[in-house]
Amino acid sequence: MIEAPQPAYPDEIKQQEVEGTVVVVVTIGDDGKVIYAKAKSGPEELYGVSEAAARKARFKPTMLQGKPVKVTAVISYDFVLDKRE
């Protein structure tokens with residue numbers, strides 16, 4: 001992974017005390033850019049921000065027999081409330 005932006009943790013979701021791990025399945029194009037991102041598990045309230053962050057991720061292209069190829073991967077985002085606030 002070359003670039004891995006973290007998703008925003010919206011204040012309104014924090015106020016609802018929603019936390020957990022969101023798993024996003026991504027398809028990475030032969031140029032290393034994410035061309036598809038879909039959250040598959042975790043708090044549904046955080047799917048949108050997780051998918052948006054995943055779409056901004058960048059990877060080193062995956063090579064197969066010397067040629068770049070599309071691949072599928074999983075990115076996990078942990079959302080944890082700061083209990084000290």
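In what order do the elements of the protein run from the N terminus on? Display the cartoon and follow the chain: the order is α-β-β-α-β-β-β. The protein thus shown has 2 helices and 5 strands, taken as DSSP runs numbered from the N terminus (helices H or I, at least four residues; strands E, at least two).

The model is predicted, with local features needing pLDDT of at least 70 and side-chain atom pairs counting only at pLDDT 80 or more, while totals for chains, interfaces and linings use all residues. Residues are numbered from 1 along each chain as its sequence is written, and side-chain values use heavy atoms, leaving out hydrogens and water.

Next, show the C-alpha trace, which spans about 50 × 20 × 15 Å along its principal axes.

Now select Y9 and F79. A search of the whole structure finds 1 aromatic pair, and these two residues form it, edge-to-face, at 5.0 Å centre to centre and 75 degrees between the planes. Rings of Phe, Tyr and Trp (its six-membered ring) pair if their centres lie within 6.5 Å; planes under 30 degrees apart are stacked, over 60 edge-to-face, and the rest tilted. Y9 lies in the segment before helix 1 (11–15) and F79 in strand 5 (residues 71–79), 70 residues apart. Both Y9 and F79 are buried (under 20% relative accessible area, 1.4 Å probe, protein chains only).

Then select the whole protein: of its 85 residues, 33% count as buried. Finally, colour by charge to find 12 positive and 13 negative side chains, where Lys and Arg count as positive and Asp and Glu as negative, without His and the chain ends. The centres of the two sets lie 11 Å apart, each charge being placed at NZ of Lys, CZ of Arg, CG of Asp or CD of Glu.

Methods
Buried < 20%, exposed > 50% of the residue type's maximum accessible area, 1.4 Å probe, protein only.
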